[in-house]
Amino acid sequence: MERKLRVLYGSQTGTAEDTAERITRDAKRHHYDVTVTSLDDYPITSLPDESVVVIVCATTGQGEEPDNMKRFWRFVMRKNLTPGSLEGVRFAVLGLGDSSYPKFNFVAKKLYRRLVQLGGVPLLELGLADEQHELGTDGLALPWLSTFWNALLQFSPLPEGLGVIPENTRPSPRYRLTHETLGPRQHKGLLQNNGFHFHYVKLVLNERVTDEEHFQDVRLIRFDLEGTGLEFDPGDVLVVRPRNLVNHVQSFLDHMGLDPDLQFSLEGG
(Lines give C-alpha, C1' and ligand atoms only; values in the text may rest on other atoms or scores of the structure.)
Protein backbone atom coordinates (compact mmCIF):
# COMPACT_ATOMS: atom_id res chain seq x y z
CA MET A 1 0.00 0.00 0.00
CA GLU A 2 1.25 3.47 -0.91
CA ARG A 3 1.76 5.58 2.19
CA LYS A 4 0.71 8.94 0.79
CA LEU A 5 -0.89 11.76 2.74
CA ARG A 6 -2.38 14.94 1.33
CA VAL A 7 -2.57 17.87 3.77
CA LEU A 8 -4.88 20.76 2.80
CA TYR A 9 -5.71 23.94 4.65
CA GLY A 10 -8.03 26.93 4.58
CA SER A 11 -6.45 29.71 6.59
CA GLN A 12 -7.28 33.38 7.06
CA THR A 13 -4.71 34.53 9.61
CA GLY A 14 -2.13 31.75 9.25
CA THR A 15 -3.04 29.56 12.23
CA ALA A 16 -4.59 26.77 10.16
CA GLU A 17 -1.63 26.91 7.77
CA ASP A 18 0.79 26.58 10.69
CA THR A 19 -1.14 23.55 11.94
CA ALA A 20 -1.08 22.00 8.47
CA GLU A 21 2.69 22.51 8.34
CA ARG A 22 2.99 20.81 11.74
CA ILE A 23 1.05 17.82 10.43
CA THR A 24 3.33 17.72 7.41
CA ARG A 25 6.45 17.61 9.57
CA ASP A 26 4.94 14.86 11.72
CA ALA A 27 3.94 12.92 8.60
CA LYS A 28 7.59 12.83 7.53
CA ARG A 29 8.52 11.46 10.95
CA HIS A 30 5.94 8.73 10.32
CA HIS A 31 7.52 7.99 6.91
CA TYR A 32 4.60 9.23 4.77
CA ASP A 33 4.98 10.69 1.32
CA VAL A 34 3.28 13.99 2.19
CA THR A 35 2.35 17.17 0.33
CA VAL A 36 0.75 20.30 1.75
CA THR A 37 -1.10 23.12 -0.01
CA SER A 38 -3.97 25.52 0.44
CA LEU A 39 -7.38 24.26 -0.65
CA ASP A 40 -7.66 26.74 -3.52
CA ASP A 41 -4.21 25.79 -4.86
CA TYR A 42 -5.18 22.12 -4.90
CA PRO A 43 -6.61 20.61 -8.11
CA ILE A 44 -9.92 19.49 -6.63
CA THR A 45 -10.66 17.05 -9.46
CA SER A 46 -7.81 14.94 -8.04
CA LEU A 47 -9.59 14.48 -4.72
CA PRO A 48 -11.32 11.19 -5.66
CA ASP A 49 -7.89 9.69 -6.41
CA GLU A 50 -6.40 10.46 -3.00
CA SER A 51 -5.79 7.73 -0.48
CA VAL A 52 -5.84 9.84 2.70
CA VAL A 53 -6.60 13.55 3.06
CA VAL A 54 -6.48 15.70 6.18
CA ILE A 55 -8.02 19.16 6.02
CA VAL A 56 -7.36 21.94 8.52
CA CYS A 57 -9.75 24.86 8.17
CA ALA A 58 -10.66 28.00 10.04
CA THR A 59 -13.97 29.85 10.22
CA THR A 60 -13.91 33.60 9.66
CA GLY A 61 -16.39 36.40 10.26
CA GLN A 62 -19.91 35.11 10.81
CA GLY A 63 -19.42 31.52 9.70
CA GLU A 64 -17.54 32.20 6.46
CA GLU A 65 -14.81 30.16 4.80
CA PRO A 66 -11.26 31.61 4.54
CA ASP A 67 -10.25 33.41 1.35
CA ASN A 68 -7.87 30.66 0.22
CA MET A 69 -10.56 27.97 0.17
CA LYS A 70 -13.47 29.83 -1.45
CA ARG A 71 -13.13 28.14 -4.87
CA PHE A 72 -12.81 24.73 -3.22
CA TRP A 73 -15.84 25.49 -1.06
CA ARG A 74 -18.04 26.51 -3.99
CA PHE A 75 -17.09 23.38 -5.91
CA VAL A 76 -17.50 20.85 -3.12
CA MET A 77 -20.88 22.32 -2.14
CA ARG A 78 -22.34 21.99 -5.64
CA LYS A 79 -25.63 20.12 -5.54
CA ASN A 80 -24.97 18.24 -8.78
CA LEU A 81 -21.98 16.28 -7.42
CA THR A 82 -22.48 12.53 -7.40
CA PRO A 83 -23.11 11.24 -3.84
CA GLY A 84 -20.46 8.51 -4.16
CA SER A 85 -17.80 10.58 -5.92
CA LEU A 86 -15.40 10.30 -2.95
CA GLU A 87 -16.08 6.65 -2.21
CA GLY A 88 -13.08 5.02 -0.57
CA VAL A 89 -11.24 8.28 0.19
CA ARG A 90 -10.18 8.36 3.84
CA PHE A 91 -10.28 11.83 5.32
CA ALA A 92 -9.97 13.81 8.53
CA VAL A 93 -11.10 17.37 9.26
CA LEU A 94 -9.71 19.62 11.98
CA GLY A 95 -11.52 22.91 12.53
CA LEU A 96 -9.97 25.91 14.25
CA GLY A 97 -12.51 28.28 15.75
CA ASP A 98 -13.59 30.49 18.61
CA SER A 99 -16.58 29.44 20.71
CA SER A 100 -17.29 33.06 21.64
CA TYR A 101 -18.81 33.40 18.16
CA PRO A 102 -22.29 32.00 17.37
CA LYS A 103 -21.14 29.97 14.36
CA PHE A 104 -18.30 28.17 16.11
CA ASN A 105 -16.29 26.09 13.60
CA PHE A 106 -19.18 26.32 11.13
CA VAL A 107 -16.96 25.68 8.09
CA ALA A 108 -15.35 22.54 9.50
CA LYS A 109 -18.70 21.10 10.60
CA LYS A 110 -20.34 21.68 7.23
CA LEU A 111 -17.33 20.41 5.27
CA TYR A 112 -17.15 17.22 7.35
CA ARG A 113 -20.84 16.48 6.70
CA ARG A 114 -20.42 17.21 3.00
CA LEU A 115 -17.44 14.87 2.58
CA VAL A 116 -19.45 12.09 4.23
CA GLN A 117 -22.37 12.79 1.86
CA LEU A 118 -19.98 12.42 -1.08
CA GLY A 119 -18.87 8.99 0.12
CA GLY A 120 -15.70 9.87 2.00
CA VAL A 121 -14.70 7.65 4.93
CA PRO A 122 -13.71 9.53 8.10
CA LEU A 123 -10.62 8.22 9.86
CA LEU A 124 -11.83 9.70 13.14
CA GLU A 125 -14.37 12.13 14.49
CA LEU A 126 -14.37 15.78 13.48
CA GLY A 127 -11.87 17.85 15.45
CA LEU A 128 -13.11 21.17 16.83
CA ALA A 129 -10.30 23.24 18.33
CA ASP A 130 -11.31 26.29 20.33
CA GLU A 131 -9.35 29.51 20.79
CA GLN A 132 -11.18 30.00 24.12
CA HIS A 133 -9.47 26.92 25.62
CA GLU A 134 -6.94 27.90 28.29
CA LEU A 135 -4.20 26.58 25.98
CA GLY A 136 -5.71 28.11 22.85
CA THR A 137 -6.45 25.93 19.84
CA ASP A 138 -3.61 23.57 20.82
CA GLY A 139 -5.61 22.52 23.88
CA LEU A 140 -7.93 20.43 21.70
CA ALA A 141 -5.91 20.18 18.49
CA LEU A 142 -2.98 18.28 20.02
CA PRO A 143 -5.07 15.45 21.55
CA TRP A 144 -7.00 15.20 18.28
CA LEU A 145 -3.77 14.93 16.31
CA SER A 146 -2.55 12.14 18.60
CA THR A 147 -5.74 10.20 17.88
CA PHE A 148 -5.35 10.99 14.18
CA TRP A 149 -1.88 9.44 13.99
CA ASN A 150 -3.05 6.32 15.80
CA ALA A 151 -5.96 5.95 13.36
CA LEU A 152 -3.76 6.58 10.35
CA LEU A 153 -1.17 4.03 11.46
CA GLN A 154 -3.92 1.44 11.81
CA PHE A 155 -4.99 2.14 8.24
CA SER A 156 -1.43 2.20 6.82
CA PRO A 157 1.07 0.73 9.30
CA LEU A 158 4.74 1.61 9.30
CA PRO A 159 6.87 -0.52 6.95
CA GLU A 160 8.60 -3.42 8.65
CA GLY A 161 11.79 -2.38 10.35
CA LEU A 162 10.91 1.33 10.51
CA GLY A 163 9.92 3.32 13.56
CA VAL A 164 8.65 6.83 14.08
CA ILE A 165 11.52 9.33 13.87
CA PRO A 166 11.97 11.05 17.28
CA GLU A 167 10.78 14.64 17.54
CA ASN A 168 14.25 15.87 18.55
CA THR A 169 15.74 14.66 15.24
CA ARG A 170 16.43 17.57 12.91
CA PRO A 171 14.43 17.18 9.67
CA SER A 172 15.88 17.90 6.24
CA PRO A 173 15.51 21.59 5.32
CA ARG A 174 12.58 22.72 3.17
CA TYR A 175 14.30 25.96 2.14
CA ARG A 176 17.77 27.07 1.14
CA LEU A 177 19.14 30.40 2.35
CA THR A 178 21.30 32.35 -0.11
CA HIS A 179 22.69 35.86 0.08
CA GLU A 180 24.52 38.48 -1.95
CA THR A 181 26.20 41.75 -1.02
CA LEU A 182 24.42 44.89 -2.18
CA GLY A 183 26.02 48.16 -3.13
CA PRO A 184 24.80 51.36 -1.43
CA ARG A 185 22.61 52.32 -4.40
CA GLN A 186 20.89 48.96 -4.51
CA HIS A 187 19.26 49.41 -1.11
CA LYS A 188 16.86 52.03 -2.38
CA GLY A 189 13.58 50.54 -3.46
CA LEU A 190 13.85 47.27 -1.54
CA LEU A 191 10.44 48.03 -0.02
CA GLN A 192 8.88 47.74 -3.47
CA ASN A 193 8.06 44.19 -4.51
CA ASN A 194 5.32 42.02 -5.93
CA GLY A 195 3.57 45.07 -7.39
CA PHE A 196 3.07 46.70 -3.97
CA HIS A 197 4.51 50.10 -3.10
CA PHE A 198 5.15 50.70 0.58
CA HIS A 199 5.14 54.08 2.29
CA TYR A 200 6.41 55.19 5.66
CA VAL A 201 3.49 56.60 7.69
CA LYS A 202 3.09 57.78 11.27
CA LEU A 203 0.69 56.22 13.76
CA VAL A 204 -1.32 59.06 15.29
CA LEU A 205 -4.09 57.23 17.18
CA ASN A 206 -4.50 53.83 18.80
CA GLU A 207 -7.70 53.88 20.87
CA ARG A 208 -9.78 51.05 22.30
CA VAL A 209 -13.45 51.42 21.31
CA THR A 210 -14.92 48.45 23.19
CA ASP A 211 -15.62 48.52 26.91
CA GLU A 212 -12.79 47.31 29.15
CA GLU A 213 -15.06 44.52 30.39
CA HIS A 214 -15.82 43.30 26.85
CA PHE A 215 -14.01 40.13 25.78
CA GLN A 216 -12.90 41.65 22.44
CA ASP A 217 -10.29 44.39 22.22
CA VAL A 218 -11.44 46.37 19.16
CA ARG A 219 -9.43 49.48 18.33
CA LEU A 220 -9.63 52.62 16.23
CA ILE A 221 -6.26 53.14 14.57
CA ARG A 222 -5.36 56.21 12.51
CA PHE A 223 -2.32 56.89 10.35
CA ASP A 224 -1.08 60.19 8.95
CA LEU A 225 -1.11 59.66 5.15
CA GLU A 226 -0.13 63.22 4.23
CA GLY A 227 2.26 63.29 1.30
CA THR A 228 1.80 59.61 0.38
CA GLY A 229 -0.81 60.12 -2.32
CA LEU A 230 -2.65 57.09 -1.02
CA GLU A 231 -6.37 56.75 -1.67
CA PHE A 232 -8.69 54.12 -0.24
CA ASP A 233 -12.29 53.00 -0.17
CA PRO A 234 -14.29 51.38 2.67
CA GLY A 235 -13.38 47.70 2.84
CA ASP A 236 -9.82 48.12 1.56
CA VAL A 237 -7.07 46.24 3.40
CA LEU A 238 -4.03 47.99 4.83
CA VAL A 239 -0.83 45.94 5.08
CA VAL A 240 1.34 47.14 7.95
CA ARG A 241 5.04 46.44 8.09
CA PRO A 242 6.48 47.80 11.34
CA ARG A 243 9.89 49.44 11.13
CA ASN A 244 12.58 48.08 13.43
CA LEU A 245 14.53 50.50 15.58
CA VAL A 246 18.05 51.14 14.27
CA ASN A 247 19.74 50.15 17.54
CA HIS A 248 17.76 46.89 17.65
CA VAL A 249 18.84 46.06 14.10
CA GLN A 250 22.48 46.81 14.88
CA SER A 251 22.34 44.70 18.04
CA PHE A 252 20.97 41.78 16.02
CA LEU A 253 23.64 42.17 13.32
CA ASP A 254 26.40 42.30 15.93
CA HIS A 255 25.08 39.25 17.76
CA MET A 256 24.76 37.21 14.55
CA GLY A 257 27.96 38.53 12.99
CA LEU A 258 26.12 39.63 9.84
CA ASP A 259 27.06 42.17 7.19
CA PRO A 260 24.28 44.83 6.97
CA ASP A 261 24.80 44.96 3.17
CA LEU A 262 23.74 41.34 2.65
CA GLN A 263 20.42 40.59 0.94
CA PHE A 264 18.98 37.20 1.90
CA SER A 265 16.77 35.03 -0.29
CA LEU A 266 14.83 31.88 0.55
CA GLU A 267 14.51 29.18 -2.08
CA GLY A 268 12.46 26.01 -1.89
CA GLY A 269 14.56 23.01 -0.99
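Is F148 buried or exposed? F148 is buried, with a relative accessible area of 0%; buried means under 20% relative accessible area, exposed over 50%, and partly exposed in between, with a 1.4 Å probe and protein chains only. This is a predicted model, where local features need pLDDT of at least 70, side-chain atom pairs count only at pLDDT 80 or more, and totals for chains, interfaces and linings use all residues. Residues are numbered from 1 along each chain as its sequence is written, and side-chain values use heavy atoms, leaving out hydrogens and water.

Now the rings. A pair of aromatic rings is described by the distance of the centres and the angle of the planes. Rings of Phe, Tyr and Trp (its six-membered ring) pair if their centres lie within 6.5 Å; planes under 30 degrees apart count as stacked, over 60 as edge-to-face, the rest as tilted. The structure holds four aromatic pairs. One of them joins W144 and F148, stacked at 5.7 Å centre to centre with 5 degrees between the planes.

Both residues sit in helix α4 (residues 138-155), four residues apart, so about one helical turn separates W144 from F148. Helices are DSSP runs (H or I, at least four residues), numbered from the N terminus. W144 is buried too, at 9% relative accessibility.

F148 also pairs with W149, edge-to-face: 4.9 Å centre to centre, 65 degrees between the planes. W149 is buried at 8%. Together, Y32, W144, F148 and W149 form one aromatic cluster.

Charges come next. R3 lies over the face of Y32, 3.8 Å from the ring centre. The criterion is NZ of Lys or CZ of Arg within 6 Å of the ring centre and within 35 degrees of the ring normal. K103 lies over the face of F106, at 5.2 Å from the ring centre.

Key:
Helix = DSSP H or I, 4+ residues; strand = E, 2+ residues; numbered from the N terminus.
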